[in-house]
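Here is a short tour for anyone who likes to read a fold contact by contact. Have the sequence and the 3D view open side by side, and follow along.

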Amino acid sequence: MKVISYVSLTIVIIGAINWGLIGFFGLNLIDSVFGVNSILSRLIYCLVGICGLYCITYYFLINKM
C-alpha cells in the first residue's frame, strides 16, 4: 500500500507541475511530449485524475497524526 501512495503522490506532483507550467508560461508539457489529444496524453491525464482522487485519502490520515 505504501508503494501505491508514493506512486500516486508522484503522479499528482507531475500533474501539478504541468498545471504550473500552463499557468505561468502557457506550456503544456504533456501535450508537447506526447502530442495533443493523443491516446498516451489522455491516459496520463486520466492517471493524474485517479491519483488525485486517491490522494484525498490523505486527509483522513492527517487526523490520525
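## Tyr 54 and its partners

Setting aside its neighbours within four places in sequence, Tyr 54 is in contact with Met 1, Ile 4, Ser 5 and Ser 8. Please keep in mind that this is a predicted model. Tyr 54 itself belongs to helix H3.

For a sense of distance, take Ile 17. Tyr 54 and Ile 17 are 37 residues apart in sequence, and their C-alpha atoms lie 18 Å apart in space.

## How H1 meets H3

Now to the two helices behind these contacts. Helix H1 covers residues 2-25 and helix H3 covers residues 39-55; they pack at an angle of about 120°, with their axes 8 Å apart. Because of that angle, H1 is oblique to H3. The crossing of the two helices is left-handed.

Which residues make the contact? From H1 come Ile 4, Ser 5, Ser 8, Leu 9, Ile 11, Val 12, Gly 15 and Asn 18, while H3 supplies Tyr 45, Leu 47, Val 48, Cys 51, Gly 52, Tyr 54 and Cys 55. Sorted by class, the contact of H1 with H3 has 10 nonpolar residues, 5 polar ones and no charged ones.

## A closer look at H1

H1 has 24 residues, which at 1.5 Å a residue should span 34 Å; the C-alpha atoms at its ends are 34 Å apart, so the two values agree. Directly after H1 comes Gly 26, whose phi is positive, near 70°.

Within H1, the buried residues are Ser 5, Ser 8, Gly 15, Asn 18 and Leu 21. What do they pack against? The buried residues of H1 pack against helix H2 (29-34), H3 and helix H4 (58-62). An α-helix has 3.6 residues a turn, so residues three or four places apart point the same way.

Ser 8 is found in H1 and is buried, because its relative accessible area is 5%. Beyond its neighbours within four places in sequence, Ser 8 is in contact with Cys 51, Tyr 54 and Cys 55.

Leu 9 also lies in H1, but at 36% relative accessibility it counts as partly exposed. Leaving aside its neighbours within four places in sequence, Leu 9 is in contact with Cys 55 and Tyr 58. By contrast, Leu 9 and Ser 32 are 23 residues apart in sequence and 23 Å apart in space, C-alpha to C-alpha.

## Asp 31 and Asn 37

Leaving aside its neighbours within four places in sequence, Asp 31 is in contact with Val 36, Asn 37, Ser 41 and Tyr 45. Tyr 58 is 27 residues from Asp 31 along the chain, and their C-alpha atoms are separated by 29 Å.

Where does Asn 37 lie? Asn 37 sits in the loop between H2 and H3. Asn 37 has a positive phi of about 55°, although it is not a glycine.

Note on methods: Residues numbered from 1 in each chain as written. Predicted model: local features only at pLDDT ≥ 70, side-chain atom pairs only at ≥ 80, totals over all residues. Heavy atoms only, no water. Axes fitted to C-alpha atoms, helices over the stretch in contact; angles between N-to-C directions. Helix = DSSP H or I, 4+ residues; strand = E, 2+ residues; numbered from the N terminus. Parallel < 35°, antiparallel > 145°, perpendicular 65-115°, else oblique. Left-handed = near helix turned anticlockwise from the far one by under 90°. Contact = heavy atoms within 4.5 Å. Nonpolar A, V, L, I, M, F, W, Y, C, P; charged D, E, K, R; others polar. Expected span 1.5 Å × (residues − 1). Buried < 20%, exposed > 50% of the residue type's maximum accessible area, 1.4 Å probe, protein only.
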